[in-house]
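Subject: Structure handover

Dear colleague,

Here is the structure I said I would pass on. My notes on it follow below.

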Amino acid sequence: MEKNELIKQVNNQEAMDSRDVAKMIGKRHRDLMRDIRRYISDLEESAKLRSRDMEMDPKLDSSKFFIESSYVSQQGKELPCYLLTKQGCEFVANKLTGKKGTIFTATYVGLFNQYQAEHNGKMIGADKNLTRENLEFKLKWLAEMRKQNINKDHQLRNEDAKIWLELANVADDYGERRMATEMRNEAINTMTALPVGGQREYTASEIANKLGVSAIQIGKWGNKLGIKRDQHLSYRTPEGAWRYFPEALKVFQDNALEIQEDCWD
């Protein structure tokens, strides 16, 4: 589906079809419809309770989140659906947990802002709102990761890059080529930029190439020199791979001749 078809203009509001939203979050459409009906019921009940005998609270007007609509199935039947405004997508996103909610948030925010940018005659790259929303998404993601990885901030850069690459794949699925490129650039920037207060990290292969030996030799001598027993010299990723800091590289370089001779023996 073309990007301009994902966002529709209804009642002076931009909205997205619940069928597309269901695909994005990996849920059956009928299940999402059930959830939306429950959300609407909750909103209306809450509005009545807060308004008492007065007017309903306009902030809880369900039509600002979900708009009743319909579509014609392949069998020619008219079936119900909803159009979700940006607030409605945010409502659904808040009900999701973990990576699925993060990816959906970044996807719908990008789509709505891209639509607004195009219809305002702006280039996507110059859309300040898109930049701000992307920044907010990254900050939320990093904050969540820090909760789950206390004292492991050095892993955040790699995890952040993986998320941007996953988002790029989602953008590809919806024909958002420019957005996918921007997200892949974010992944590259994340991997090449040093985090605040962070250190340069080296893989065993990188150090091996510098010394002209194998990565296996680096692992062997890392144990022999006690580098792997010092958290200030190295750490092990959740996947089991070792990363070495500049201080560790210096130790390897200081013992380069012995390491190389051991390799030749």
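At 60% relative accessibility, Asn11 counts as exposed, since the cut-off for that class is over 50%. Please keep in mind throughout that the model is predicted.

Asn11 lies in the loop that links strand E1 (7-10) to strand E2 (13-17). Asn12 is also found in the loop between E1 and E2. Asn12, again not a glycine, has a positive phi of about 60°. With a relative accessible area of 76%, Asn12 is exposed.

Next, the chain as a whole. Its secondary structure comes to 12 helices and seven strands. Of the 265 residues in the chain, 44% are buried. The chain exposes about 15,800 Å², and carbon and sulfur atoms supply 49% of that area. Taking the contacts between residues at least 6 apart in sequence, 53% join residues at least 24 apart.

Then there is an open sheet. Three strands form it, in the order E5-E7-E6, with antiparallel pairing. Strand E5 (202-203) and strand E6 (234-236) are at the edges and have a single partner strand each, so one side of each is left without a neighbour in the sheet. E5 is joined to strand E7 (residues 242-244) by two bridges, and the two strands run antiparallel. As for individual residues, Thr203 has Arg243 in E7 as its bridge partner.

The last item is a helix pair. Helix H2 (residues 18-25) and helix H5 (residues 98-119) have axes that come within 9 Å and cross at roughly 140°. H2 and H5 are therefore oblique to each other; angles count as roughly antiparallel only over 145 degrees. The residues of this contact divide into five nonpolar, one polar and one charged. On the H2 side they are Val21, Met24 and Ile25, which meet Lys100, Phe104, Thr107 and Leu111 in H5.

Regards

Methods. Residues numbered from 1 in each chain as written. Predicted model: local features only at pLDDT ≥ 70, side-chain atom pairs only at ≥ 80, totals over all residues. Heavy atoms only, no water. Pairing = 2+ DSSP bridges. Helix = DSSP H or I, 4+ residues; strand = E, 2+ residues; numbered from the N terminus. Buried < 20%, exposed > 50% of the residue type's maximum accessible area, 1.4 Å probe, protein only. Contact = heavy atoms within 4.5 Å. Areas by Shrake-Rupley, 256 points an atom, 1.4 Å probe, with all protein chains shown as cover. Axes fitted to C-alpha atoms, helices over the stretch in contact; angles between N-to-C directions. Parallel < 35°, antiparallel > 145°, perpendicular 65-115°, else oblique. Nonpolar A, V, L, I, M, F, W, Y, C, P; charged D, E, K, R; others polar.
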